[in-house]
Amino acid sequence: MPGETITLQVGQCGNQVALQYWNQLAAEHGIQADGLPLAYPDDPSSRFQSGNTDHVASQGQSREDRPELFFTLSDSNKYTPKAVLVDLEPSVIHKATNALPMFNPRNVHLSEHGSGAANNWQQGYSYGLQYQEELLNLIDREVDKCENVSNFQLFHSVAGGTGAGVGSLLLELLSDRFGSKKLINTFLIFPSNEKTSDVVVQPYNTVLTLKRLIDYADSTFVFHNDALNSIENLLFNTGGSRNSIDGQAAFEGANKIIAYVAATISNPLRFPNYMHTSHESIYSTLVPTPDLKFLTTSVAPFTSQVSRQSYTNEYEIILELLNDRYKLNRVTEPIKYISVLNYLIGNNLNQEEIRKGTTKVQQRLNFVPWTPSSVQCVNGRKSLFGNNSATKGLTGIQISNNTSIVGVFTKILKQYDLLAKREAYINSYTESNDAQERARVMGLFNECRESVALVVEEYKACQSVNYLEDDILDEDEVM
């Protein structure tokens with residue numbers, strides 16, 4: 001049986017996305033906002049609307065799904081997310097706990113001052129250091145309630161203060177506490193690069209956060225606001241502008257897309273199948289070396305809350321997932337693939353259509369020369385609850401490890417260099433304004449920049465036919 005997952009949701013962005021994520025999981029497992037479960041359907045024709053409170057499951061009822069991998073079931077027959085919520089200002093977390101009272105209030109950490117981290121990585125990281133014992137106690141308490149934790153997942157932004165700074169500190173703490181015993185996977189949201197950011201120190205925050213992801217995460221799913229905005233326009237017909245939508249609601253559609261993808265990744269664990277039934281089996285398929293761990297996802301437009309589009313068969317949806325415009329990070333030039341894992345979620349999937357689609361995809365994709373040109377497919381099962389699926393009940397995502405990350409990281413480095421060459425705004429990260437302190441901090445910043453640059457070079461080098469041989473030669477030289 002796969003181990004449990006503990007979710008850490010940090011900062012405004014991380015908690016907004018995670019709220020949609022838990023809404024998605026709760027809907028798929030028939031769990032109401034207060035944690036009470038609906039009666040488990042006897043067959044696919046027995047479906048319940050999410051607002052129906054007439055049918056409540058008994059605690060001992062047999063289920064074919066596994067909500068216990070992500071939720072804790074109490075003696076009072078209520079489910080609670082295995083989640084720790086962290087923010088330095090209270091508004092987003094208060095919204096989340098009001099929307100989903102199932103959250104355990106003891107697992108919430110808020111700053112006593114409630115002033116936030118001012119979009120500054122250093123302030124978030126320093127706060128995390130100051131309260132690291134409290135944060136670790138929250139995590140340890142959740143771990144103690146699990147039988148076999150196998151995975152930590154972190155939702156956060158890369159460019160702000162709390163999600164980036166506190167998130168970075170949590171990655172260090174998790175690595176120090178659990179090391180290689182548990183997987184650490186992150187869902188990382190990049191800000192828009194198309195226009196000048198309101199946060200002038202965004203490039204500094206991003207590079208500092210990426211350094212910790214490179215050092216401590218086992219895999220990172222990259223989501224980019226530019227790509228999310230484009231996909232949201234396709235799905236919601238928003239006309240390319242969020243200006244008519246105020247506040248947090250402006251990003252709700254994008255957050256639902258991220259949440260849908262994140263939930264779908266664990267589908268074969270929560271709805272057991274015969275393949276990819278553990279996090280280890282999923283990520284070992286996608287991450288061939290520790291240096292190549294930044295993953296791209298694609299989403300075929302799906303029905304219900306998001307889109308009215310639906311698909312006639314498995315072949316069509318597999319080909320649709322090839323389209324770069326449905327990738328959730330921005331792709332601006334031809335790319336090469338290292339690994340590809342398609343998810344098809346539906347009942348009574350047509351294996352012949354899947355084989356035909358997979359064969360066509362393998363012919364079209366440009367793989368790096370040292371990896372097998374194969375595309376694996378997860379046959380996921382649909383939830384028996386709710387009416388949130390396409391007419392035929394067929395949806396899909398693709399996870400791939402590809403070289404598009406080169407363009408994403410290169411743009412970040414260029415933005416960083418524009419600030420760093422003039423040491424602009426560096427006083428926001430120093431303890432004093434004397435030259436020695438500024439030089440010390442810039443030295444630390446440039447070390448982080450070098451780590452990001454090495455990842456770019458690694459993704460470029462992996463396109464060579466001798467990539468693995470070069471690693472073997474390096475090891476021989478060390479010996």
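Which residues lie nearest the centre of the largest cavity? Let's start there and then visit some other spots. This is a predicted model, in which local features need pLDDT of at least 70, side-chain atom pairs count only at pLDDT 80 or more, and totals for chains, interfaces and linings use all residues. Residues are numbered from 1 along each chain as its sequence is written, and side-chain values use heavy atoms, with hydrogens and water left out.

**View 1. The largest cavity and its lining.** Gln16, Leu19, Gln20, Lys95 and Asn255 lie nearest the centre of this cavity, among 10 lining residues. A cavity is a set of points on a 1 Å grid over the protein atoms alone where a 1.4 Å probe fits but cannot get out, and lining residues have an atom within 4 Å of a point. The space inside is about 90 Å³, where grid points are joined across faces, edges and corners and a volume is the space filled by probe spheres set on the points. The model has four cavities of 30 Å³ or more.

**View 2. Who builds the lining of the largest cavity?** Helices α1 (11-28), α2 (91-99) and α8 (252-265) each supply at least two of its residues, and α1 gives the largest share, four residues. Helices (H or I, at least four residues) and strands (E, at least two) are DSSP runs, numbered from the N terminus. By class, the lining has three nonpolar, five polar and two charged residues. Here Ala, Val, Leu, Ile, Met, Phe, Trp, Tyr, Cys and Pro count as nonpolar, Asp, Glu, Lys and Arg as charged, and the others, Gly among them, as polar.

**View 3. Asn77, with a positive phi.** Asn77 is not a glycine, yet its phi is about 65 degrees. You can find Asn77 in the loop between β2 (71-73) and β3 (79-81). Is Asn77 buried or exposed? Asn77 is buried, with a relative accessible area of 12% (buried means under 20%, exposed over 50%, partly exposed in between, with a 1.4 Å probe and protein chains only).

**View 4. Tyr425, with a positive phi.** Tyr425, a residue other than glycine, has phi near 60 degrees. Look for Tyr425 in the loop between α13 (405-420) and α14 (435-461). Its relative accessibility of 41% makes Tyr425 partly exposed.

**View 5. Gly114 and Leu88.** Gly114 sits in the loop between β5 (108-110) and α3, and is partly exposed at 29% relative accessibility. Gly114 and Leu88 are 26 residues apart along the chain, while 5.5 Å separates their C-alpha atoms.

Key: On a 1 Å grid over the protein atoms alone, a cavity is a set of points where a 1.4 Å probe fits but cannot get out, and a pocket is an open set with protein on both sides within 12 Å along at least five of seven lines; lining residues have an atom within 4 Å of a point.
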